[in-house]
Amino acid sequence: MTKSLNINGTTGLIDMPSGEAQDDATFSFSTALFGPISRTTISFQFTERLSASFRFLAWRDWNSVVPGADEIKDRAFDIRYMLLKESDFVPSLTIGLIDFTGEGRFSSEYIAATKSIGDRVKVTAGLGWGRLGSEGSIGKLFGDRPALDDSDIGTPNSDQWFRGDAAPFAGVEVKLTDNWTFKGEYSSDAYVLEDDERGFFERESPFNFGFEYQKGPNTRYGIYSLYGSEVGLVFHLILDPKNRATGGVMGPAPVPVKARPSRARDPDAYDRGWVTQPDAGPLLRKNLAKRLAVDGIVIEDLAYTATTAQLRIRINRIDAGSQAIGRTARALSHVMPASVEVFEIVPVVNGIGASKVTIRRRDLEELEFAPDNGTLLRERVTITEAGPAPANGVGSENLYPKFFWSLRPAFRMAEPLKGDVGLRLSGSYSIRPGLQLSGSIYGSIAGNVDRSGDPSDSVLPHVRTDGSRYSKFGDPGLETLTLAWYARPAADIYSRVTLGYLERMHAGISGEVLWKPADSNLGLGVELNYTKQRDTNGGLGFDEYDYDIVTGYVSAYYEFGNGYVGQLDVGRYLAGDVGATVSLDRIFVNGWRVGAFATVTDVSAEDFGDGGFDKGIRFSVPLSWALGNEVKNTFSQTLRPEIGDGGARVNVNGRLYESIREYHSDGLDSEWGRVWR
């Protein structure tokens, strides 16, 4: 049976959790409404057993004396871990924490077990604490539950976990048809806050029941009778990052490898005299450029000897580095003379070589139609340091200087469920390899962001919390205007210097050095920034805040395997606070990326404000996954419970690790199967 979701957007029955877990990597968006309560949740099955959720809650008519007044909003993080998988005689067993860093309005803990009976029935039983222990208590198994202090808000409320009244809950799920499911449950949530304290919701019964309709693999709808007095509605959008929504990416089919004649049958084909021909380089480059243009691949440089060809390429459209490598190798097999045995393909990012992929031509010819040819080819391919561009290369014409511009619809999110849509005018001027001038202007068309223009009451420098002022007074406004220089000062060393208006709120200079061998899982970096806070009118001035600061970080990056990438940053942040950021992301073969981060600095929870410390989840969805077209654009968002000034970093485009990772072994290996596509 399908592992369903509840109205909280987590795996469960109706309002109660269950003991199951979603399939690995399942990403879901849920929105639910009953009475004056609404909940919107994003959940992600981070591993086979571990999942996390971010929820946005709203209670309308918080002041029930004045109907429609005083809507109260809250945000919550959940985490759950499946201790046992279901087997013939053992139920699935999950332990979970609900709203474990919030203001405590929804804080709960639970243990839940679920067992299937045949193919169409599931039963669930569990024990809850906190809100889930407020109806039908069986006692305080682990002592009293202490109240939260204001200083506890935003930090893990571990003193409360599994303490206070414990109460049982239970339910059943019956699959009526392939599309329809019936659910019934006994809830252990007394809704004390909404019923007894605020009086805008009458809880007349602990029993809930309802029906759900599953339309295909991605959408699910539910209608319920809740607590004897309300009707509830829910919508779930369920996505699998491992599989493309469109089933595949549309684009030109790859050409087959052109096999050379045997040396015995045609020895003249292997004659090396062609290297002395003065027009050989331009002619080879022209023929290669014509073939690669079909895939949006641009030649930066071509160098060759009688036996080796090195081709430096810029990948503009294909979203998988391995696929671009494969297409380039095929083109080389058609164009390069038979004496060329070794192909060196160097992906170029921001004007610098990211790595060098070395492929022997005879391996291409031998393995093209072999079973498991991707794995066999990878065993023979090397991915190494790119090295400097050869001095005798034949560069492409009209690549530098070059100007590009675009005017596109854009979406900018200010906080959960608040953002605006508008137009972004962008331009870039590539002066020479590694040196680029770029900028953007954004103007909103519609949205629901805070445009009050009121200054923040934060006791810290307002490096982030005056967002409403920038939204009100800086629309339209200059987002960025920067000059960036990328270089390779030494083997395995990358550098970046960016000067100008770095983001909407801050301008200055940002420098970065990264050590990252192409075949290593580890990367180490250092970043140093000097910034001044910009005026809120979206112009060029700095008089409004008169705030400048030096910030910097020492960073470590590590690829754990299976797409998991960890990052640790230690240093000084925009508000002058000192601390560290830990993040973990899961990156999928097709470009999906989902992760979480937390920053703890010497700013106290009280000074930070609601939320206690900076934390959140982030996700990035490649448009090629959704549209089925060959594009490199992505839709990316970061969701925080609260936006505070503590733990804030300046936003700089083109940071080094994310720019080059895709073309190192850790990035290429995860998608290597696409090399033959």
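Mentor: Please keep in mind that this is a predicted model.

Trainee: How far apart are the mean positions of the positive and negative charges of the chain?

Mentor: The chain carries 73 positive and 89 negative charges.

Trainee: What radius of gyration does the chain have, and why does it agree with that of a compact globule?

Mentor: The chain has 677 residues, and a compact globule with that number would have a radius of gyration near 26 Å. The value for the chain agrees with this expectation. The radius of gyration of the chain is 29 Å.

Trainee: What are the rough dimensions of the box that the C-alpha atoms fill?

Mentor: The box is taken along the principal axes of the chain. Its dimensions are roughly 90 × 70 × 40 Å.

Trainee: How many helices and strands does the chain have, and what share of its residues is buried?

Mentor: The chain has 10 helices and 32 strands. A residue counts as buried when its relative accessible area is under 20%. Of the 677 residues, the buried share is 52%.

Trainee: Is helix α3 largely enclosed or largely open, and how many of its residues are buried?

Mentor: Helix α3 covers residues 321-335 and reaches 21 Å from its first C-alpha to its last, close to the 21 Å expected. The helix is largely enclosed by the rest of the structure, because the buried residues of α3 number 14 of the 15.

Trainee: Is S38 buried or partly exposed?

Mentor: S38 lies in strand β2, which spans residues 37-45. Its relative accessible area is 21%, and buried would require a value under 20%. S38 is therefore partly exposed.

Trainee: Which residues does S38 touch, beyond those up to four places away in sequence?

Mentor: The C-alpha atom of S38 is separated by 9.4 Å from that of I7, a residue 31 places away along the chain. With residues up to four places away set aside, the residues that S38 touches are A32, L33, F56, L57, A58 and R60.

Trainee: Which residues are in contact with S665, leaving aside its neighbours within four places in sequence?

Mentor: S665 belongs to helix α10, residues 665-670. It counts as buried because its relative accessibility is 7%. With those neighbours left aside, the contacts of S665 are R378, I383, A518, D519 and S520.

Conventions
Residues are numbered from 1 along each chain as its sequence is written. This is a predicted model: local features need pLDDT of at least 70, side-chain atom pairs count only at pLDDT 80 or more; totals for chains, interfaces and linings use all residues. Side-chain values use heavy atoms; hydrogens and water are left out. Helices (H or I, at least four residues) and strands (E, at least two) are DSSP runs, numbered from the N terminus. The radius of gyration is taken over C-alpha atoms; the globule rule is 2.2 Å times the number of residues to the power 0.38. Buried means under 20% relative accessible area, exposed over 50%, partly exposed in between (1.4 Å probe, protein chains only). Lys and Arg count as positive and Asp and Glu as negative; His and the chain ends are not counted. The place of a charge is taken as NZ of Lys, CZ of Arg, CG of Asp or CD of Glu. The expected span of a helix is 1.5 Å times one less than its number of residues. Contact means heavy atoms within 4.5 Å.
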